[in-house]
Amino acid sequence: MGAAGPVVTFLAEVYAWLMDPAHWAGSDGIPTRVGEHVQLSALALAVAAAIALPVGIALGHSGRGGFVAINVANIGRALPSLAILAFALPVAFALNLGLGFWPTFIALVPLGIPPILTNAFVALRNVDRDVIEAGRGMGLADSQLLRQLELPLALPVVIAGVRNAAVAIVATATLGAVVASGGLGRYIVDGLALRETDRLFVGALLVALLAIVTELAFGIFERVAVSPGVRLTRAAGARAR
Amino acid sequence: MTPGEPLIRWDWVQSHLPDIAQRIGEHLLLAGIAVGVGFALSFVASLFIARRPWLYPPVSWVFGVLYTIPSLALFSLLIPFTGLSILTAEIGLVSYTLLILIRNIVGGLRGVPAEVRDAALGMGYTQRQLLFRVELPLALAVIVAGIRVAAVTTIGLTTVTALIGQGGLGFFILEGILFFFSTPLIVGAVLSVVLAILVDGALVAVERRATPWARLGRS
(Lines give C-alpha, C1' and ligand atoms only; values in the text may rest on other atoms or scores of the structure.)
Protein backbone atom coordinates (compact mmCIF):
# COMPACT_ATOMS: atom_id res chain seq x y z
CA MET A 1 0.00 0.00 0.00
CA GLY A 2 3.01 2.26 0.41
CA ALA A 3 3.13 3.16 -3.30
CA ALA A 4 -0.44 4.42 -3.23
CA GLY A 5 0.42 7.17 -0.75
CA PRO A 6 1.94 9.75 -3.14
CA VAL A 7 -0.77 9.11 -5.74
CA VAL A 8 -3.55 9.77 -3.23
CA THR A 9 -1.77 12.91 -2.00
CA PHE A 10 -1.38 14.09 -5.58
CA LEU A 11 -5.02 13.48 -6.46
CA ALA A 12 -6.01 15.38 -3.31
CA GLU A 13 -3.85 18.29 -4.54
CA VAL A 14 -5.56 18.18 -7.92
CA TYR A 15 -8.96 18.17 -6.22
CA ALA A 16 -7.95 21.14 -4.06
CA TRP A 17 -6.75 23.03 -7.18
CA LEU A 18 -10.06 22.36 -8.90
CA MET A 19 -12.08 23.48 -5.87
CA ASP A 20 -10.16 26.75 -5.43
CA PRO A 21 -12.63 29.50 -6.45
CA ALA A 22 -9.68 31.59 -7.72
CA HIS A 23 -9.25 29.05 -10.53
CA TRP A 24 -12.82 29.56 -11.70
CA ALA A 25 -12.71 33.32 -12.25
CA GLY A 26 -10.79 35.90 -14.25
CA SER A 27 -8.82 35.74 -17.49
CA ASP A 28 -6.98 32.55 -16.45
CA GLY A 29 -10.09 30.90 -14.98
CA ILE A 30 -11.40 27.57 -16.21
CA PRO A 31 -14.59 29.00 -17.84
CA THR A 32 -12.54 31.59 -19.76
CA ARG A 33 -10.01 29.01 -20.96
CA VAL A 34 -12.69 26.53 -22.01
CA GLY A 35 -14.48 29.36 -23.85
CA GLU A 36 -11.29 30.39 -25.67
CA HIS A 37 -10.56 26.79 -26.63
CA VAL A 38 -14.07 26.14 -27.96
CA GLN A 39 -14.24 29.48 -29.79
CA LEU A 40 -10.88 29.00 -31.53
CA SER A 41 -11.69 25.39 -32.46
CA ALA A 42 -15.20 26.13 -33.69
CA LEU A 43 -14.06 29.06 -35.83
CA ALA A 44 -11.23 27.02 -37.39
CA LEU A 45 -13.57 24.07 -38.01
CA ALA A 46 -16.17 26.32 -39.63
CA VAL A 47 -13.60 27.83 -42.01
CA ALA A 48 -12.07 24.42 -42.80
CA ALA A 49 -15.53 22.98 -43.52
CA ALA A 50 -16.50 25.99 -45.63
CA ILE A 51 -13.45 25.32 -47.82
CA ALA A 52 -13.33 21.51 -47.82
CA LEU A 53 -17.01 20.52 -47.99
CA PRO A 54 -17.89 22.24 -51.32
CA VAL A 55 -14.66 21.02 -52.94
CA GLY A 56 -15.03 17.44 -51.66
CA ILE A 57 -18.71 17.26 -52.58
CA ALA A 58 -18.13 18.74 -56.06
CA LEU A 59 -15.25 16.33 -56.76
CA GLY A 60 -17.19 13.35 -55.43
CA HIS A 61 -20.34 14.29 -57.34
CA SER A 62 -18.52 14.73 -60.65
CA GLY A 63 -16.19 11.80 -59.97
CA ARG A 64 -13.20 13.84 -61.02
CA GLY A 65 -10.04 14.71 -59.10
CA GLY A 66 -9.91 11.56 -57.00
CA PHE A 67 -6.13 11.66 -57.15
CA VAL A 68 -6.11 15.13 -55.56
CA ALA A 69 -8.65 14.22 -52.89
CA ILE A 70 -6.79 11.12 -51.75
CA ASN A 71 -3.36 12.76 -51.80
CA VAL A 72 -4.53 15.73 -49.75
CA ALA A 73 -5.35 13.21 -47.00
CA ASN A 74 -1.96 11.52 -47.22
CA ILE A 75 -0.07 14.80 -47.07
CA GLY A 76 -2.25 15.88 -44.15
CA ARG A 77 -1.28 12.76 -42.25
CA ALA A 78 2.45 13.16 -42.85
CA LEU A 79 2.50 16.81 -41.70
CA PRO A 80 2.87 16.78 -37.92
CA SER A 81 0.58 19.22 -36.12
CA LEU A 82 3.51 20.86 -34.34
CA ALA A 83 5.15 21.41 -37.75
CA ILE A 84 1.99 23.04 -39.16
CA LEU A 85 1.95 25.31 -36.13
CA ALA A 86 5.63 26.06 -36.69
CA PHE A 87 5.01 26.98 -40.34
CA ALA A 88 2.03 29.16 -39.37
CA LEU A 89 4.20 31.26 -37.09
CA PRO A 90 6.33 32.95 -39.82
CA VAL A 91 3.15 33.38 -41.91
CA ALA A 92 1.38 35.17 -39.07
CA PHE A 93 4.46 37.33 -38.55
CA ALA A 94 4.70 38.22 -42.23
CA LEU A 95 1.04 39.31 -42.11
CA ASN A 96 1.70 41.31 -38.93
CA LEU A 97 -0.86 39.30 -36.95
CA GLY A 98 1.40 38.74 -33.97
CA LEU A 99 1.36 35.82 -31.55
CA GLY A 100 -1.43 33.85 -29.96
CA PHE A 101 -4.80 33.47 -31.65
CA TRP A 102 -3.89 34.05 -35.31
CA PRO A 103 -0.91 31.75 -35.81
CA THR A 104 -2.89 28.98 -34.08
CA PHE A 105 -5.93 29.70 -36.24
CA ILE A 106 -3.79 29.70 -39.40
CA ALA A 107 -2.42 26.29 -38.36
CA LEU A 108 -5.78 24.77 -37.43
CA VAL A 109 -7.60 25.47 -40.71
CA PRO A 110 -5.27 23.45 -43.00
CA LEU A 111 -5.25 20.73 -40.35
CA GLY A 112 -9.03 20.39 -40.60
CA ILE A 113 -9.28 20.39 -44.40
CA PRO A 114 -7.86 16.93 -45.36
CA PRO A 115 -10.18 14.70 -43.29
CA ILE A 116 -13.29 16.67 -44.33
CA LEU A 117 -12.36 16.82 -48.02
CA THR A 118 -11.37 13.17 -48.33
CA ASN A 119 -14.41 11.83 -46.47
CA ALA A 120 -16.79 14.03 -48.48
CA PHE A 121 -15.21 12.81 -51.71
CA VAL A 122 -15.25 9.13 -50.72
CA ALA A 123 -18.79 9.38 -49.33
CA LEU A 124 -20.21 10.85 -52.56
CA ARG A 125 -18.21 8.45 -54.71
CA ASN A 126 -19.43 5.41 -52.79
CA VAL A 127 -23.12 6.14 -53.29
CA ASP A 128 -24.59 3.12 -55.06
CA ARG A 129 -24.54 3.75 -58.85
CA ASP A 130 -27.83 1.86 -59.23
CA VAL A 131 -29.56 4.31 -56.91
CA ILE A 132 -28.31 7.24 -58.98
CA GLU A 133 -29.40 5.55 -62.21
CA ALA A 134 -32.83 4.95 -60.69
CA GLY A 135 -33.05 8.61 -59.65
CA ARG A 136 -32.05 9.77 -63.11
CA GLY A 137 -34.59 7.38 -64.63
CA MET A 138 -37.28 8.96 -62.44
CA GLY A 139 -36.42 12.30 -64.02
CA LEU A 140 -34.40 13.98 -61.25
CA ALA A 141 -32.22 16.86 -62.40
CA ASP A 142 -28.54 16.87 -61.52
CA SER A 143 -28.99 19.25 -58.57
CA GLN A 144 -31.95 17.19 -57.32
CA LEU A 145 -29.84 14.04 -57.54
CA LEU A 146 -27.22 15.69 -55.38
CA ARG A 147 -29.57 17.15 -52.79
CA GLN A 148 -32.19 14.42 -52.56
CA LEU A 149 -30.17 11.26 -53.12
CA GLU A 150 -26.41 11.60 -52.90
CA LEU A 151 -26.08 13.93 -49.91
CA PRO A 152 -28.54 12.10 -47.62
CA LEU A 153 -26.89 8.77 -48.45
CA ALA A 154 -23.37 10.15 -48.05
CA LEU A 155 -24.14 12.09 -44.85
CA PRO A 156 -22.84 9.59 -42.25
CA VAL A 157 -19.37 9.46 -43.82
CA VAL A 158 -19.34 13.23 -44.45
CA ILE A 159 -20.14 13.85 -40.78
CA ALA A 160 -17.46 11.33 -39.74
CA GLY A 161 -14.94 13.44 -41.67
CA VAL A 162 -16.05 16.64 -39.94
CA ARG A 163 -15.89 14.83 -36.60
CA ASN A 164 -12.31 13.66 -37.21
CA ALA A 165 -11.35 17.20 -38.20
CA ALA A 166 -13.04 18.59 -35.08
CA VAL A 167 -11.19 16.21 -32.75
CA ALA A 168 -7.86 16.96 -34.47
CA ILE A 169 -8.51 20.72 -34.22
CA VAL A 170 -9.47 20.56 -30.52
CA ALA A 171 -6.29 18.54 -29.89
CA THR A 172 -4.01 20.90 -31.78
CA ALA A 173 -5.61 24.04 -30.34
CA THR A 174 -3.92 22.82 -27.14
CA LEU A 175 -0.51 23.16 -28.79
CA GLY A 176 -1.39 26.78 -29.61
CA ALA A 177 -0.40 27.66 -26.05
CA VAL A 178 3.23 27.21 -27.14
CA VAL A 179 2.79 30.26 -29.40
CA ALA A 180 1.04 32.22 -26.63
CA SER A 181 -2.52 31.37 -27.62
CA GLY A 182 -5.22 31.08 -24.92
CA GLY A 183 -7.31 27.99 -24.36
CA LEU A 184 -6.78 24.99 -22.13
CA GLY A 185 -3.27 24.39 -23.45
CA ARG A 186 -2.22 27.36 -21.26
CA TYR A 187 -2.61 25.23 -18.12
CA ILE A 188 -0.43 22.49 -19.64
CA VAL A 189 2.30 24.75 -21.03
CA ASP A 190 2.33 26.98 -17.94
CA GLY A 191 2.14 23.95 -15.65
CA LEU A 192 5.18 22.49 -17.40
CA ALA A 193 7.09 25.78 -17.21
CA LEU A 194 6.22 26.44 -13.56
CA ARG A 195 6.56 22.75 -12.60
CA GLU A 196 3.05 22.87 -11.13
CA THR A 197 1.87 19.32 -11.74
CA ASP A 198 -1.62 19.96 -10.35
CA ARG A 199 -2.25 22.75 -12.88
CA LEU A 200 -0.77 20.57 -15.62
CA PHE A 201 -2.95 17.61 -14.69
CA VAL A 202 -6.17 19.62 -14.52
CA GLY A 203 -5.42 21.13 -17.95
CA ALA A 204 -4.76 17.72 -19.45
CA LEU A 205 -7.92 16.33 -17.89
CA LEU A 206 -10.04 19.16 -19.31
CA VAL A 207 -8.49 18.86 -22.79
CA ALA A 208 -9.08 15.10 -22.83
CA LEU A 209 -12.66 15.66 -21.70
CA LEU A 210 -13.27 18.32 -24.34
CA ALA A 211 -11.96 16.02 -27.10
CA ILE A 212 -14.15 13.13 -25.96
CA VAL A 213 -17.20 15.42 -25.63
CA THR A 214 -16.53 16.71 -29.17
CA GLU A 215 -16.44 13.15 -30.50
CA LEU A 216 -19.65 12.24 -28.65
CA ALA A 217 -21.42 15.42 -29.76
CA PHE A 218 -20.81 14.59 -33.42
CA GLY A 219 -22.07 11.06 -32.77
CA ILE A 220 -25.33 12.52 -31.45
CA PHE A 221 -25.48 15.01 -34.33
CA GLU A 222 -25.08 12.14 -36.79
CA ARG A 223 -27.91 10.23 -35.15
CA VAL A 224 -30.20 13.24 -35.43
CA ALA A 225 -29.16 14.33 -38.94
CA VAL A 226 -28.99 11.03 -40.78
CA SER A 227 -32.24 9.65 -42.15
CA PRO A 228 -33.37 6.50 -40.26
CA GLY A 229 -33.53 4.51 -43.50
CA VAL A 230 -29.90 5.29 -44.31
CA ARG A 231 -28.85 4.41 -40.79
CA LEU A 232 -30.47 0.99 -41.00
CA THR A 233 -28.74 0.01 -44.22
CA ARG A 234 -25.39 1.05 -42.90
CA ALA A 235 -23.66 -1.83 -41.16
CA ALA A 236 -22.24 -1.33 -37.67
CA GLY A 237 -18.66 -1.55 -38.91
CA ALA A 238 -18.91 1.56 -41.10
CA ARG A 239 -17.41 3.90 -38.51
CA ALA A 240 -14.99 5.11 -41.15
CA ARG A 241 -12.23 7.26 -39.80
CA MET B 1 10.78 36.07 -38.34
CA THR B 2 13.13 38.77 -37.16
CA PRO B 3 13.19 41.47 -39.85
CA GLY B 4 16.28 41.32 -42.02
CA GLU B 5 16.92 37.67 -41.22
CA PRO B 6 16.73 35.13 -44.04
CA LEU B 7 14.17 32.33 -43.64
CA ILE B 8 16.95 29.75 -43.59
CA ARG B 9 20.52 30.39 -42.50
CA TRP B 10 22.54 27.72 -44.22
CA ASP B 11 25.57 28.42 -42.04
CA TRP B 12 23.49 27.34 -39.02
CA VAL B 13 22.54 24.12 -40.81
CA GLN B 14 26.14 23.49 -41.71
CA SER B 15 27.49 24.02 -38.20
CA HIS B 16 24.73 21.88 -36.67
CA LEU B 17 25.02 18.83 -38.91
CA PRO B 18 26.13 16.44 -36.11
CA ASP B 19 23.34 17.82 -33.91
CA ILE B 20 20.80 17.26 -36.68
CA ALA B 21 22.01 13.69 -37.26
CA GLN B 22 21.70 12.96 -33.54
CA ARG B 23 18.12 14.30 -33.42
CA ILE B 24 17.14 12.25 -36.46
CA GLY B 25 18.48 9.17 -34.68
CA GLU B 26 16.52 10.00 -31.52
CA HIS B 27 13.39 10.64 -33.56
CA LEU B 28 13.63 7.30 -35.35
CA LEU B 29 14.34 5.49 -32.07
CA LEU B 30 11.37 7.09 -30.25
CA ALA B 31 8.99 6.37 -33.15
CA GLY B 32 10.47 2.92 -33.84
CA ILE B 33 10.06 1.71 -30.26
CA ALA B 34 6.49 3.02 -30.21
CA VAL B 35 5.44 1.29 -33.44
CA GLY B 36 7.30 -1.91 -32.44
CA VAL B 37 5.72 -2.14 -28.98
CA GLY B 38 2.36 -1.03 -30.37
CA PHE B 39 2.50 -3.73 -33.02
CA ALA B 40 3.45 -6.44 -30.51
CA LEU B 41 0.54 -5.47 -28.23
CA SER B 42 -1.98 -5.18 -31.07
CA PHE B 43 -0.83 -8.46 -32.59
CA VAL B 44 -1.31 -10.39 -29.35
CA ALA B 45 -4.66 -8.66 -28.77
CA SER B 46 -5.74 -9.54 -32.33
CA LEU B 47 -4.94 -13.22 -31.80
CA PHE B 48 -7.15 -13.21 -28.69
CA ILE B 49 -9.87 -11.46 -30.67
CA ALA B 50 -9.58 -14.03 -33.49
CA ARG B 51 -10.51 -16.71 -30.94
CA ARG B 52 -13.08 -14.64 -29.04
CA PRO B 53 -14.73 -12.17 -31.43
CA TRP B 54 -16.92 -10.64 -28.69
CA LEU B 55 -13.74 -9.02 -27.30
CA TYR B 56 -13.38 -6.76 -30.36
CA PRO B 57 -15.99 -4.05 -29.58
CA PRO B 58 -14.82 -3.35 -25.99
CA VAL B 59 -11.12 -3.46 -26.93
CA SER B 60 -11.54 -1.13 -29.91
CA TRP B 61 -13.66 1.18 -27.72
CA VAL B 62 -10.84 1.51 -25.17
CA PHE B 63 -8.25 2.05 -27.92
CA GLY B 64 -10.62 4.58 -29.54
CA VAL B 65 -10.84 6.64 -26.33
CA LEU B 66 -7.02 6.60 -26.04
CA TYR B 67 -6.80 7.69 -29.69
CA THR B 68 -9.22 10.58 -29.09
CA ILE B 69 -7.28 12.06 -26.15
CA PRO B 70 -4.96 14.76 -27.56
CA SER B 71 -1.28 13.80 -27.40
CA LEU B 72 -0.11 16.68 -25.20
CA ALA B 73 -2.96 15.95 -22.76
CA LEU B 74 -2.11 12.25 -22.59
CA PHE B 75 1.57 13.01 -21.95
CA SER B 76 0.60 15.51 -19.26
CA LEU B 77 -1.73 13.06 -17.54
CA LEU B 78 1.22 10.67 -17.22
CA ILE B 79 3.82 13.21 -16.05
CA PRO B 80 2.76 13.17 -12.36
CA PHE B 81 3.36 9.41 -12.34
CA THR B 82 6.17 8.71 -14.78
CA GLY B 83 7.84 12.15 -14.91
CA LEU B 84 9.41 13.92 -17.90
CA SER B 85 10.82 10.63 -19.09
CA ILE B 86 11.13 8.57 -22.22
CA LEU B 87 8.63 6.18 -20.59
CA THR B 88 5.97 8.91 -20.58
CA ALA B 89 6.64 9.64 -24.24
CA GLU B 90 6.51 5.99 -25.23
CA ILE B 91 3.31 5.18 -23.30
CA GLY B 92 1.64 8.07 -25.11
CA LEU B 93 3.02 7.22 -28.54
CA VAL B 94 2.21 3.51 -28.21
CA SER B 95 -1.38 4.37 -27.21
CA TYR B 96 -1.94 6.08 -30.55
CA THR B 97 -0.71 3.17 -32.64
CA LEU B 98 -3.06 0.65 -30.99
CA LEU B 99 -6.35 1.63 -32.65
CA ILE B 100 -4.81 1.92 -36.12
CA LEU B 101 -2.94 -1.38 -35.88
CA ILE B 102 -5.63 -3.52 -34.29
CA ARG B 103 -8.19 -2.39 -36.87
CA ASN B 104 -5.96 -3.47 -39.71
CA ILE B 105 -4.74 -6.73 -38.16
CA VAL B 106 -8.26 -7.87 -37.19
CA GLY B 107 -9.68 -6.54 -40.47
CA GLY B 108 -6.97 -8.31 -42.47
CA LEU B 109 -7.52 -11.63 -40.70
CA ARG B 110 -11.29 -11.36 -41.05
CA GLY B 111 -10.87 -10.62 -44.75
CA VAL B 112 -9.43 -14.08 -45.45
CA PRO B 113 -12.09 -15.95 -47.47
CA ALA B 114 -13.84 -18.76 -45.58
CA GLU B 115 -13.26 -21.18 -48.49
CA VAL B 116 -9.50 -20.70 -48.22
CA ARG B 117 -9.64 -21.43 -44.52
CA ASP B 118 -11.78 -24.51 -45.10
CA ALA B 119 -9.45 -25.77 -47.81
CA ALA B 120 -6.43 -25.43 -45.50
CA LEU B 121 -8.22 -27.24 -42.66
CA GLY B 122 -9.31 -29.93 -45.14
CA MET B 123 -5.69 -30.40 -46.13
CA GLY B 124 -4.90 -31.16 -42.52
CA TYR B 125 -3.43 -27.80 -41.35
CA THR B 126 -3.46 -27.27 -37.59
CA GLN B 127 -4.81 -23.98 -36.19
CA ARG B 128 -1.26 -22.69 -35.79
CA GLN B 129 -0.25 -23.64 -39.34
CA LEU B 130 -3.46 -22.09 -40.65
CA LEU B 131 -2.61 -18.82 -38.92
CA PHE B 132 1.06 -18.55 -39.93
CA ARG B 133 0.98 -20.14 -43.40
CA VAL B 134 -2.42 -19.04 -44.72
CA GLU B 135 -4.16 -16.30 -42.76
CA LEU B 136 -1.22 -14.01 -41.92
CA PRO B 137 0.33 -14.08 -45.43
CA LEU B 138 -3.05 -13.26 -46.97
CA ALA B 139 -3.68 -10.49 -44.43
CA LEU B 140 -0.19 -9.07 -44.84
CA ALA B 141 -1.10 -6.30 -47.30
CA VAL B 142 -3.79 -4.89 -44.96
CA ILE B 143 -1.52 -5.28 -41.92
CA VAL B 144 1.36 -3.45 -43.62
CA ALA B 145 -1.07 -0.70 -44.66
CA GLY B 146 -1.87 -0.30 -40.95
CA ILE B 147 1.81 -0.21 -40.00
CA ARG B 148 2.38 2.50 -42.63
CA VAL B 149 -0.37 4.72 -41.21
CA ALA B 150 0.85 4.05 -37.66
CA ALA B 151 4.47 4.84 -38.57
CA VAL B 152 3.64 8.08 -40.40
CA THR B 153 1.31 9.22 -37.58
CA THR B 154 3.86 8.34 -34.88
CA ILE B 155 6.73 10.15 -36.64
CA GLY B 156 4.55 13.26 -36.69
CA LEU B 157 3.49 12.88 -33.05
CA THR B 158 7.06 12.31 -31.89
CA THR B 159 7.74 16.02 -32.52
CA VAL B 160 5.28 16.81 -29.69
CA THR B 161 7.41 14.88 -27.18
CA ALA B 162 9.91 17.76 -27.35
CA LEU B 163 7.47 19.61 -25.06
CA ILE B 164 8.01 16.98 -22.35
CA GLY B 165 11.77 17.10 -22.59
CA GLN B 166 12.29 14.35 -25.12
CA GLY B 167 14.18 15.19 -28.23
CA GLY B 168 13.76 14.13 -31.74
CA LEU B 169 13.28 16.72 -34.43
CA GLY B 170 10.59 18.41 -32.35
CA PHE B 171 13.45 19.88 -30.32
CA PHE B 172 14.41 22.07 -33.30
CA ILE B 173 10.79 23.13 -33.90
CA LEU B 174 10.43 24.12 -30.25
CA GLU B 175 13.78 25.91 -30.29
CA GLY B 176 12.69 27.84 -33.37
CA ILE B 177 9.40 28.88 -31.77
CA LEU B 178 10.97 29.86 -28.44
CA PHE B 179 13.83 31.90 -29.91
CA PHE B 180 11.91 33.31 -32.92
CA PHE B 181 14.52 31.70 -35.13
CA SER B 182 13.05 30.24 -38.29
CA THR B 183 16.03 28.11 -39.36
CA PRO B 184 15.77 25.28 -36.76
CA LEU B 185 11.99 25.49 -36.97
CA ILE B 186 11.99 24.78 -40.70
CA VAL B 187 14.80 22.21 -40.42
CA GLY B 188 12.86 20.28 -37.75
CA ALA B 189 9.50 20.45 -39.53
CA VAL B 190 10.81 19.61 -43.01
CA LEU B 191 13.00 16.75 -41.77
CA SER B 192 10.15 15.17 -39.81
CA VAL B 193 7.95 15.23 -42.94
CA VAL B 194 10.81 13.83 -45.06
CA LEU B 195 11.39 11.11 -42.46
CA ALA B 196 7.70 10.13 -42.57
CA ILE B 197 7.75 9.92 -46.38
CA LEU B 198 10.98 7.89 -46.43
CA VAL B 199 9.77 5.41 -43.80
CA ASP B 200 6.46 5.06 -45.65
CA GLY B 201 8.36 4.32 -48.89
CA ALA B 202 10.61 1.82 -47.12
CA LEU B 203 7.58 -0.03 -45.75
CA VAL B 204 6.07 -0.22 -49.25
CA ALA B 205 9.32 -1.75 -50.49
CA VAL B 206 9.32 -4.28 -47.62
CA GLU B 207 5.73 -5.20 -48.43
CA ARG B 208 6.59 -5.79 -52.12
CA ARG B 209 9.40 -8.11 -51.09
CA ALA B 210 7.27 -9.98 -48.58
CA THR B 211 4.36 -10.58 -50.95
CA PRO B 212 5.88 -11.58 -54.31
CA TRP B 213 2.61 -13.24 -55.32
CA ALA B 214 0.80 -9.90 -55.33
CA ARG B 215 2.73 -8.85 -58.45
CA LEU B 216 1.97 -12.10 -60.25
CA GLY B 217 -1.74 -12.06 -59.51
CA ARG B 218 -4.63 -9.98 -60.72
CA SER B 219 -3.03 -6.58 -60.33
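The legends below accompany close-up views of a predicted model.

View 1. The secondary structure of chain B consists of ten helices and zero strands, so that, read from the N terminus, its elements follow the order α-α-α-α-α-α-α-α-α-α. Along the principal axes, the C-alpha atoms of chain B fill a box of roughly 75 × 45 × 25 Å. Of the 219 residues in chain B, 41% are buried, and among the contacts in chain B with a separation of 6 or more, 72% are between residues 24 or more positions apart.

**View 2. The side of chain B that touches chain A.** Here 30 residues of chain B are in contact with 34 residues of chain A. The elements of chain B that each give two or more residues to this side are α3 (56-68), α4 (71-82), α7 (127-158), α8 (170-178) and α9 (182-210). Sorted by class, the side of chain B that touches chain A holds 20 nonpolar and ten polar residues, with no charged residues.

**View 3. The largest nonpolar core and B:Ile173.** This core has 124 residues, of which A:Ala86, A:Ile169 and B:Ile173 touch the most other members. Helix α7 (residues 142-175) of chain A gives the largest share of the core, 16 residues. With its neighbours within four places in sequence left aside, B:Ile173 is in contact with A:Leu82, A:Ala83 and A:Ala86 from chain A, and with B:Thr159, B:Ala162, B:Leu185, B:Gly188 and B:Ala189 from chain B.

**View 4. The packing of α3(B) against α5(B).** The axes of α3(B) and helix α5 (residues 86-110) of chain B come within 7 Å and cross at roughly 145°, and the crossing of α3(B) and α5(B) is left-handed. On α3(B), the residues that meet α5(B) are B:Tyr56, B:Val59, B:Ser60, B:Phe63, B:Gly64, B:Leu66 and B:Tyr67, while α5(B) contributes B:Ser95, B:Tyr96, B:Leu98, B:Leu99, B:Ile102, B:Arg103 and B:Val106. By class, the residues of this contact between α3(B) and α5(B) comprise ten nonpolar, three polar and one charged.

View 5. A:Leu151 counts as partly exposed because 17 other C-beta atoms lie within 10 Å, whereas a buried residue would need 20 or more. The C-alpha atoms of A:Leu151 and A:Ala180, residues that stand 29 apart along the chain, are separated by 40 Å.

Notes:
Residues numbered from 1 in each chain as written. Chains lettered and ligands numbered in written order. Predicted model: local features only at pLDDT ≥ 70, side-chain atom pairs only at ≥ 80, totals over all residues. Contact = placed C-beta atoms within 7 Å. Helix = DSSP H or I, 4+ residues; strand = E, 2+ residues; numbered from the N terminus. Nonpolar A, V, L, I, M, F, W, Y, C, P; charged D, E, K, R; others polar. Buried ≥ 20, exposed ≤ 12 C-beta atoms within 10 Å, placed from the backbone. Core = buried A, V, L, I, M, F, W, Y, C linked by C-beta atoms within 7 Å. Axes fitted to C-alpha atoms, helices over the stretch in contact; angles between N-to-C directions. Left-handed = near helix turned anticlockwise from the far one by under 90°.
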